[in-house]
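The following exercises concern a single protein chain. Each task is followed by a solution in steps.

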Amino acid sequence: MEVTTLSYDNLHKHGELFANMFRARHRAFIQHNKWSLPEADGMEFDQYDTPASRWLAVHENGEVLAGIRLTPTTHRCGIYSYMIRDAQKGLLESIPTNLLNFEAPVAGHVWESSRVFVSDTVPANMRLRVQLQLRHEMVVSARAVGATQVLGLIPESSRRLGRRVGLECEPVGPLLDLDGVECVCVAIDMSGKLH
């Protein structure tokens with residue numbers, strides 16, 4: 001099992017991995033979760049998949065087992081910036097505007113984590129290992145781009161996993177019911193010690 005952080009600068013070094021990430025997202029979000037999202041050629045994508053983002057993939061033999069997208073809060077593309085801020089501004093009708101207890105930050109040291117998934121093909125006895133590797137790579141990658149904090153909208157139950165790798169996921173918004181799942185915006189300090 002490998003973990004790779006992809007960027008537009010290194011895509012050429014990783015063959016099909018980038019496309020496989022979007023195919024895995026299609027399976028996770030469109031086929032499995034039944035979300036209505038943009039798609040093409042069996043791949044899921046949205047307005048936040050730009051050269052400013054990074055994509056983390058846990059993979060084995062070409063199959064993407066899990067992934068995360070990291071996006072700088074300073075990035076803008078047309079009317080869009082990053083998902084949490086755009087939701088707060090009312091640009092995303094599927095996410096409530098009251099998801100944060102404060103105005104969404106625009107700062108070089110704050111990045112957003114989104115499109116987090118673990119494939120439903122990952123066996124139960126491997127899921128924790130895959131999740132831990134994904135979170136570890138998130139910290140390594142976030143630190144590499146100068147992030148000291150990551151914001152994310154996550155299932156409330158996922159906060160426990162952060163603690164397993166030395167991350168404190170501090171709630172920074174109310175509990176929200178998103179498609180029957182209790183979710184909350186969290187701020188994750190990237191300075192903690194990794195286990």
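A residue is called buried when its relative accessible area is under 20%, exposed when that area is over 50%, and partly exposed in between. The model shown is a predicted one.

**Exercise 1. Determine how the rings of Tyr-8 and Phe-18 are arranged, and whether each residue is buried, exposed or partly exposed.**

Step 1. The ring centres of Tyr-8 and Phe-18 are 6.0 Å apart, which is within the 6.5 Å limit, so the two rings form a pair.

Step 2. Their planes meet at 75°; because planes over 60 degrees apart count as edge-to-face, this pair is edge-to-face.

Step 3. Tyr-8 lies in the loop between E1 and helix H1 (17-32), and Phe-18 lies in helix H1, ten residues apart.

Step 4. With a relative accessible area of 41%, Tyr-8 is partly exposed, whereas Phe-18, at 16%, counts as buried.

**Exercise 2. Describe how strand E4 (54-60) is paired and how far it is covered.**

Step 1. Strand E1 (residues 2-6) runs antiparallel to E4, and five bridges join them. In this pairing, Thr-4 has Ala-57 of E4 as its bridge partner.

Step 2. E4 also pairs with E5 in the antiparallel sense, over seven bridges. Here His-59 stands opposite Val-64 in E5.

Step 3. The hairpin of E4 and E5 has two residues between the strands, and Asn-61 in this hairpin takes a positive phi near 50°.

Step 4. Five of the seven residues of E4 are buried, and the strand is thus mostly covered.

**Exercise 3. Identify the contribution of helix H3 (124-144) to the largest nonpolar core.**

Step 1. The largest nonpolar core has 23 residues, and the members that touch the most others are Leu-70, Val-130, Met-138, Val-150, Ile-188 and Met-190.

Step 2. Two or more residues of this core come from each of several elements, including strand E5 (63-72), helix H3 (124-144) and strand E10 (181-189). H3 provides the largest share, five residues.

Step 3. H3 consists of 21 residues and spans 31 Å from its first C-alpha to its last, close to the expected 30 Å. Among its buried residues are Val-130, Leu-134 and Met-138.

Step 4. Leaving aside neighbours within four places in sequence, Met-138 is in contact with residues including Leu-56, Leu-70, Val-150 and Met-190.

Step 5. Just after H3, Gly-146 has a positive phi of about 90°.

Note on methods
Residues numbered from 1 in each chain as written. Predicted model: local features only at pLDDT ≥ 70, side-chain atom pairs only at ≥ 80, totals over all residues. Heavy atoms only, no water. Core = buried A, V, L, I, M, F, W, Y, C linked by side-chain atoms within 4.5 Å. Buried < 20%, exposed > 50% of the residue type's maximum accessible area, 1.4 Å probe, protein only. Helix = DSSP H or I, 4+ residues; strand = E, 2+ residues; numbered from the N terminus. Contact = heavy atoms within 4.5 Å. Expected span 1.5 Å × (residues − 1). Pairing = 2+ DSSP bridges. Phe/Tyr/Trp six-rings, centres within 6.5 Å; stacked < 30°, edge-to-face > 60°.
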